[in-house]
Amino acid sequence: MTTGIAKVNGVEIAWEERGTGIPIVFVSGTGVGGGVWSKWQVPHFSEKYRCITFDLRGTGRSSAPSDGYSVRAFAEDCVALCESLGVEKAHFVGMSLGSAIIQEVAISYPNLVLSATLLSTWSCTRNEPHIKFWFESRLATLQSGDMDLFRKSSFWMFAPSTIEENLDLFNEINSIFKANSTEQPIHAYIGHFMADLGHDSSSRLNQVKCPTLVLYGEEDLITLPKYNLRVSEIIEGSIAISFKDAGHFLWLERGEEVNNVIDEFLTNLNLDMNIGVNK
């Protein structure tokens, strides 16, 4: 594994990479560092691909400026990081806020994106009331300064079936998030939720021309299944796949199954594009 700090757009972005081959850039969600991909995705895909993870501005070892938090700013950081690492083209995999960031990258920098895998995604906070209320309530809790209450409310991101039937997995995922989302200052966390609230790609998603895979949990109580399907309907030729017994955290709740679906998607694309990966 190689680690480093890239100075881009006036901030420092901490990154890690493992493996060789075609790059896959993994983009994390609200207030979460890149380490959340280390349980399932990086060990699996680094056998064949160059896996790049990074801490969004305001998380982990990256800078936490007082302002400058928006989906567009995160996308610009992501693109600049790729440039600094010599990545000319890559597959992109992102969850929640990370999926919104990838939407923006695919729209604005289409030549960089070989494919987009969007997990737990949505297109317009303003027009999707359920997720809007979620972001507003989480933001209000943060602004109150009650971090204990803020963390306790995160259980809504799990599938109810995970909590009911697999408490060991529930506790393991909570430990992963605790390790990757507890160091940033509150103002940066607030900035992330402000970015969530401002997300709106609905009128531009039809500009996404790269092969796109939309994955969602059937029990997602945050980015509702219909929000994911709406994104897939707008992006011509995209594929949408649901996972039973999975919520907003499907890439951890159903890690092996999610990996297998992404793997098949990427393998078929690489064959179609006549590009190879390490064996």
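**Charges and overall form**

I began with the charges: the chain has 22 positive and 34 negative ones, and their mean positions lie 3 Å apart. I note here that this is a predicted model.

Next I looked up the extent of the chain. Along the principal axes, its C-alpha trace spans about 50 × 40 × 40 Å. I then checked the radius of gyration, which is 17 Å; a compact globule of 279 residues would have one near 19 Å, so the chain agrees with that expectation.

I took the surface after that. The accessible surface of the chain is about 11700 Å², and carbon and sulfur atoms hold 50% of that area. Of the 279 residues, 57% count as buried.

For secondary structure I counted eleven helices and eight strands. I also looked at how far apart in sequence the contacting residues are. Taking contacts between residues at least 6 apart, I find that 76% join residues at least 24 apart.

**The core**

Which residues touch the most other members of the largest nonpolar core? They are Val 25, Val 27, Phe 54, Phe 92, Ile 101 and Trp 251, in a core of 89 residues. Helix α2 (residues 71–84) gives this core its largest share, eight residues.

**Asn 259**

I turned to Asn 259, which sits in helix α11 (residues 255–272). Is Asn 259 buried or exposed? Its relative accessibility is 2%, and because the limit for buried is under 20%, Asn 259 counts as buried.

I then listed its contacts beyond four places in sequence: Trp 40, Gln 41, His 44 and Phe 45. For Gln 41 I also noted the distance: 218 residues separate it from Asn 259 in sequence, yet the two C-alpha atoms are 6.5 Å apart.

**Two positive phi values**

I looked up two residues other than glycine with positive phi. Asn 9 has phi near 50 degrees and lies in the loop between β1 (2–8) and β2 (11–18). Ser 120 has phi of about 55 degrees and lies in the loop between β6 (113–119) and α4 (129–144).

I compared their accessibility last. Asn 9 is partly exposed at 46% relative accessibility, whereas Ser 120 is buried, with a relative accessible area of 1%.

Methods
Residues are numbered from 1 along each chain as its sequence is written. This is a predicted model: local features need pLDDT of at least 70, side-chain atom pairs count only at pLDDT 80 or more; totals for chains, interfaces and linings use all residues. Side-chain values use heavy atoms; hydrogens and water are left out. A nonpolar core is a set of buried Ala, Val, Leu, Ile, Met, Phe, Trp, Tyr and Cys residues joined through side-chain atoms within 4.5 Å. Buried means under 20% relative accessible area, exposed over 50%, partly exposed in between (1.4 Å probe, protein chains only). Helices (H or I, at least four residues) and strands (E, at least two) are DSSP runs, numbered from the N terminus. The radius of gyration is taken over C-alpha atoms; the globule rule is 2.2 Å times the number of residues to the power 0.38. Contact means heavy atoms within 4.5 Å. Accessible areas come from the Shrake-Rupley method with a 1.4 Å probe; for residues, only the protein chains shown count as cover. Lys and Arg count as positive and Asp and Glu as negative; His and the chain ends are not counted. The place of a charge is taken as NZ of Lys, CZ of Arg, CG of Asp or CD of Glu.
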